[in-house]
Amino acid sequence: MDRETRDMLLETAGRFFTERSGKEVVNGVEKGVWPADLWKAIEEMGLPLIAVPEAQEGVGGTLADLMALLRVAGEHAVPTPLAETALANLLIAASGGKPASGPSTLALGGDSLSLQGNRLTGRVSRVPFASVADRFVAVVTASGKSTLVVVARDEASVEEDPSHAGEPHGTVIFDGTPVEFATPSAVSADRALELAALMRTMQMAGAADKVLATAVEYCKQRVQFGRPISNFQAIQHMLAELASCVAAMIASAETASRDADEGGLENGGSFSIAAAKTQCSDFAHRVAAISHQSMGAMGFTHEHILHHYTRRLWVWRRDFGSEAFWGEKIGHAFAKAGGDAMWPALTESRYAA
């Protein structure tokens, strides 16, 4: 979609999330309450189909459109598998399938997954929204070929293990599980993991931006010794460092999104994605620590919204590869390419890892 249409979509989505995804809804999910009305409204808006071509009954947007939407969702701590479902639908559509309605999630990163005929075996840990999704989407490599598989929730076993943010994550176990859909995949298993990592970097960028705005506003309003604490030099230094971390996260995430979109779904922006996930996951620690420190005890209370974002940053930094995982991949890529490739890789974001 063109820039004007995208801006209109993002503005509409932002207002919608503000009205429908408040702290009561987020807290409710942590107590095990599935926000059915919120999810229904999200589907009615067509948000999970944003990157699916119109020919397959989608919105017809691009990968960049999807990632821009996920940054807005991150800014509102939307406690539904919008990101996972939208990416799953994109993977299905790219492989020639037709996405189904209802929430989906991604069972990626499981090296033990194997497909024998129409049966899937293996287990994947830390699957987001595992206990509430209608289906699991995975990409399996067999005999050097990538196959996209869709498994109905009732056919698999889930060991529930809520994330630190209180969302219904878990380990998914496939034990000769029949798949409801299997087709040669347009993207490899490694590439699917890259796209999921990109998804998380955009959510993290949005959440970090909200954390910065929340901390700055609080420090302007909190009065100590007769003046706002934002006037104290120590607080100003903390907020300046916080702002620099958030700016770096946003810049790296946006660059990765642009490179992935321009380079193509199958392999675009691989190096940028690895760098962005490393950057965002690494800075998530500092963003959470500084924001809580600047807001003191208030930021730790359950009634305040800050923890909705900082706890998600802690979870998202590990999802689909931590900073150590992606940093190691960058290191291996540099070592393989040789010393002469170092400078071009640092100055040209489209360098392929």
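Start by selecting R191: does R191 count as buried or exposed? At 2% relative accessibility, R191 counts as buried, where buried means under 20% relative accessible area, exposed over 50%, and partly exposed in between (1.4 Å probe, protein chains only).

Before moving on, some housekeeping. This is a predicted model, so local features need pLDDT of at least 70 and side-chain atom pairs count only at pLDDT 80 or more, while totals for chains, interfaces and linings use all residues. Residues are numbered from 1 along each chain as its sequence is written, and side-chain values use heavy atoms, with hydrogens and water left out.

E194 and R191 sit three residues apart in helix α6 (residues 189–221), about one turn of the helix. Helices (H or I, at least four residues) and strands (E, at least two) are DSSP runs, numbered from the N terminus. E194 counts as buried too, at 13% relative accessibility.

Next, jump to R3 and D7. They form a salt bridge, with the closest N and O atoms 3.3 Å apart. Both are in helix α1 (residues 3–20), and because they are four residues apart there, about one helical turn separates R3 and D7. Color by accessibility and you'll find R3 exposed at 59%, whereas D7 is partly exposed at 36%.

For a pairing across the chain, select E167 and R312. Their closest N and O atoms are 2.9 Å apart in a salt bridge. This pair links distant parts of the chain, 145 residues apart: E167 is in the loop between β6 (157–160) and β7 (170–178), and R312 is in helix α9 (residues 306–316). Both E167 and R312 are buried.

Then pick out R71, E75, D209 and E254 together: salt bridges link these four in a network.

Last stop: D175, in strand β7. D175 counts as exposed, at 67% relative accessibility. Leaving aside residues up to four places away in sequence, D175 touches L120 and T121, with contact meaning heavy atoms within 4.5 Å.

Definitions and conventions
A salt bridge is a side-chain nitrogen of Lys or Arg within 4 Å of a carboxyl oxygen of Asp or Glu.
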